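Me: I've got a structure open and want to talk through its charged pairs, sheet and cores. Can you walk me through it?

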Amino acid sequence: MAAKADRRTPLVVVGDALLDRDLTGSADRLAPDAPVPVVSECAERIRPGGAALAAYLAARDGREVTLITGVGDDPAGRALRELLEPWLNLVPLPLTGTVPEKTRVLAQDRPVVRLDRGGGRVREATDEARDVLRSARAVLVSDYGRGAADVLRDALAARPPLVWDPHPRGGPPVPGTRLVTPAEKEARGFAPSEARPGGLRAAALNAAALVRDWRVAAVTVTLGSRGALLSYGEHPLLVPAPAAHHGDSCGAGDRFAATAAGLLADGALVGEAVEGAVSAATAFVAAGGAAAVPPAGSDRALAALPDTDDPGALAARIRAEHGTVVAAGGCFDLLHAGHVGLLQAARRLGDCLVVCVNSDASVRRRKGGGRPVNPLADRVRVLRALACVDAVAVFDEDTPERLLGDLRPDVWVKGGDYAGADLPEAALLQEWGGQAVLLPYLDGRSSTALLARAAEGAR
């Protein structure tokens, strides 16, 4: 397998695979025979879709993945195998018909029309698939209503999955499923309420009804750019998206489900898994959605998922996938626009950003007895909430050389107010071929200036 698994828990994905195709070109005129755009110079790209996309994303995260899905020997099925087999273990189920294909025609990266063909359905389960499910440590069901979950329903009921991603054509999740992840429109179709559609009240009522009706532990309704609403049956938790992106959302639900399932498999609480999944889906849309997923033959790392518990493991994974590790450092006592601009620019330099932050004792030695204003736990929490930050690491020394020696980033970033100052980290990075760079702060923004203005105002 081309993808290398780390210490993450292996994941079994059960569901219906699709073959997605994008024809992308430009349109600057209408056809002479009908008022429709003429899309010219189309470039074609194929990728896994449906359950295959969820499995592929989980595998590219560095997780060992087994996909149980219907796939035949038709051209679409052979193309799908070629995309998937370098990355994951494929357990095929017999298919009646051909693998479903979805073709989008895009002009200036905006969909113009979608063409569907191939109505294949899974015919029956196999002993191999049942054996895999019996021994699985963690299961994600991505049910696109084409039979895979149906024929294995008894095996899934015996070992309820961690996550069930439902779709309107599919059946209900098995009782005991830990987390079900319908989109807002899907939840409304499964359990319509009398509340105004599109509001948080309707989402909360629908989620609570589905928890009861489906007899599952929790339901999270994904709300697009607003985040997700998590319900255990009452008093829902709203997890806002860290940023609003209005790009191509194709595949965001699969990114959400794959992330949530992986985090739950690794021991996260449901609320923590939903928070991580919201951040991952937001970053996925910001990066271009499914259209920006690296081709199966590419070793380029995806935008890194938040892995704040172990920055070293994150850095090692990105390096193993030939990505670029970026690190930035500072006290970040009063996070201001200058900090945010610096960190956003730093994240664009590579495939993950680890922020190295001074401990409280380190800040006091550098800034004096009145600092930090915000304790370490608060500073770390605020940094982790930024969509551009993938992990936070803490150092207790005056400078982060020891921490950098452990992380070995490819790029080390400091704010432009260090211009002309000695950066001892620069020589350190040269030892492993890294580079230290300065990025400009927004003019006039600093924690010291903010504190001075606050003190002046108090007087």
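Me: Which residue does arginine 130 form a salt bridge with?
Reply: Aspartate 154, with the closest N and O atoms 2.9 Å apart. A salt bridge here is a side-chain nitrogen of Lys or Arg within 4 Å of a carboxyl oxygen of Asp or Glu. This is a predicted model, where local features need pLDDT of at least 70, side-chain atom pairs count only at pLDDT 80 or more, and totals for chains, interfaces and linings use all residues. Residues are numbered from 1 along each chain as its sequence is written, and side-chain values use heavy atoms, with hydrogens and water left out.

Me: Where do the two partners, arginine 130 and aspartate 154, sit?
Reply: Arginine 130 is in helix H3 (residues 127–135) and aspartate 154 is in helix H5 (residues 153–158), so the pair links distant parts of the chain, 24 residues apart. Helices (H or I, at least four residues) and strands (E, at least two) are DSSP runs, numbered from the N terminus.

Me: OK, what about arginine 21, which glutamate is it 2.5 Å from?
Reply: That's glutamate 44, going by the closest N and O atoms of their salt bridge. Arginine 21 is in strand S2 (residues 17–26) and glutamate 44 in strand S3 (residues 40–50), 23 residues apart. Arginine 21 is buried at 14%, while glutamate 44 is exposed at 52%.

Me: And which partner does arginine 21 have at 3.0 Å?
Reply: Glutamate 101, again by a salt bridge. Glutamate 101 lies in strand S7 (residues 101–107), so this pair ties S2 to a part 80 residues away in sequence. Glutamate 101 counts as buried, at 10%.

Me: Which residues end up in one network through shared partners?
Reply: Arg21, Glu44, Glu101 and Arg117. The structure holds 20 salt bridges.

Me: Switching to the sheet. What order do its four strands come in?
Reply: S3-S2-S7-S8, an open sheet with mixed pairing. Two strands pair if DSSP finds at least two bridges between them. S3 and S8 (110–117) are the edge strands, each pairing on one side only. S7 and S8 run antiparallel over seven bridges, and lysine 102 stands opposite aspartate 116 in S8.

Me: Which strands does helix H1 touch?
Reply: S2 and S3: H1 (residues 51–60) packs on the sheet, at about 80° to the direction of S3. Axes are lines fitted to C-alpha atoms, for helices over the stretch in contact, with angles from 0 to 180 degrees between N-to-C directions.

Me: How many residues does the largest nonpolar core have?
Reply: It has 90, and Ile68 and Leu152 have the most contacts inside it. H1 gives the most to this core, with nine residues. A nonpolar core is a set of buried Ala, Val, Leu, Ile, Met, Phe, Trp, Tyr and Cys residues joined through side-chain atoms within 4.5 Å.

Me: What's the story with glutamate 425?
Reply: Glutamate 425 is buried yet has no salt bridge, and the nearest side chain of opposite charge, lysine 414, is 5.1 Å away. For charge, Lys and Arg count as positive and Asp and Glu as negative; His and the chain ends are not counted.

Technical notes: Buried < 20%, exposed > 50% of the residue type's maximum accessible area, 1.4 Å probe, protein only. Contact = heavy atoms within 4.5 Å.
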